[in-house]
Amino acid sequence: MELENIVANTVYLKAREAADGDGKRKGRSRKWKSLMKFGEEAEVQVYRNEFPELNYENVVAKSPIGRLLFTDFCNEKDDLKRCNTFLNNVDNYEKLAPEESRKQLAKNIYQECLCEEATSRLPEDLIDETKVREVEEKLLGESPRYIYSEIATKVRG
């Protein structure tokens with residue numbers, strides 16, 4: 001498994017190096033660089049219907065190179081960047097955070113992504129106010145591990 005990650009990371013770095021617009025061709029053609037770009041939304045929808053196994057869980061959560069490419073793509077648009085930040089924070093909260101720091105991390109996620117004054121608040125069409133109120137109530141008591149799971153599922157959509 002570790003060897004696969006190393007190979008995936010090497011391929012990713014080579015692809016990013018070649019796709020950077022620093023003026024050096026590095027042996028790659030323009031056609032190859034254009035293949036490295038994401039397609040238009042309508043074009044992507046065709047593939048989404050044709051390959052239902054290409055979903056967030058399979059492409060991003062289970063694949064290191066998929067996660068890196070997804071992050072690069074999301075960083076190009078502000079709304080997507082905020083969603084990706086939220087999903088990364090929720091993943092850290094659910095999987096990595098030790099029990100002692102989980103409550104503070106849950107509050108940080110709420111303040112950063114869900115509350116009205118949040119600097120990187122999720123887009124309005126993804127926020128269900130009843131779910132946000134449920135999260136607020138849970139933050140006052142114990143912080144269960146999957147406090148944000150329903151909101152994260154909607155964001156992954």
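Which residues form one aromatic cluster here? They are Phe86, Tyr93 and Tyr148. Before I go into that, the housekeeping. This is a predicted model, so to speak of local features we need pLDDT of at least 70, side-chain atom pairs count only at pLDDT 80 or more, and totals for chains, interfaces and linings use all residues. Residues are numbered from 1 along each chain as its sequence is written, and side-chain values use heavy atoms, with hydrogens and water left out.

The protein has 9 helices and 0 strands, where helices are DSSP runs of H or I of at least four residues, strands are E runs of at least two, and both are numbered from the N terminus. Read from the N terminus, the order is α-α-α-α-α-α-α-α-α. There are 157 residues, and 27% of them count as buried; buried means under 20% relative accessible area, exposed is over 50%, and partly exposed is in between, with a 1.4 Å probe and protein chains only. If you take the contacts with a separation of 6 or more, 54% come from residues 24 or more positions apart, contact meaning heavy atoms within 4.5 Å.

Back to the aromatics. Searching the whole structure gives 2 aromatic pairs. Rings of Phe, Tyr and Trp (its six-membered ring) pair if their centres lie within 6.5 Å; planes under 30 degrees apart are stacked, over 60 edge-to-face, and the rest tilted. Phe86 and Tyr148 have ring centres 6.2 Å apart and planes at 90°, so that pair is edge-to-face. Phe86 is in helix α6 and Tyr148 in the loop between α8 and α9 (149-156), so the pair ties together parts that are 62 residues apart in sequence. Phe86 is buried at 0% relative accessibility, and Tyr148 is buried with a relative accessible area of 0%.

Then the other pair: Tyr93 and Tyr148, with centres 5.8 Å apart and planes at 80°, so edge-to-face. Tyr93 is in helix α6, so with Tyr148 in that loop the pair ties together parts 55 residues apart in sequence. Tyr93 is buried too, at 0% relative accessibility.

Now the helix pairs. Two packed helices are described by the angle between their axes and the distance between the axes. The axes are lines fitted to C-alpha atoms, for helices over the stretch in contact, with angles from 0 to 180 degrees between N-to-C directions.

So how do α5 and α6 sit? The axes of α5 (residues 64-74) and α6 (residues 78-96) come within 8 Å and cross at roughly 140°. That makes them oblique; under 35 degrees is roughly parallel, over 145 roughly antiparallel, 65 to 115 roughly perpendicular, and the rest oblique. Phe70 and Phe73 are among the α5 residues in the contact, and Leu80 and Asn84 among those from α6.

Last one: α7 (residues 99-114) and α8 (residues 129-140) have axes that come within 10 Å and cross at roughly 150°. α7 is therefore roughly antiparallel to α8. The contact involves Lys103, Ala106, Lys107, Tyr110 and Leu114 of α7, with Val132, Val135, Glu136, Leu139 and Leu140 of α8.

Okay, that's me, over to you.
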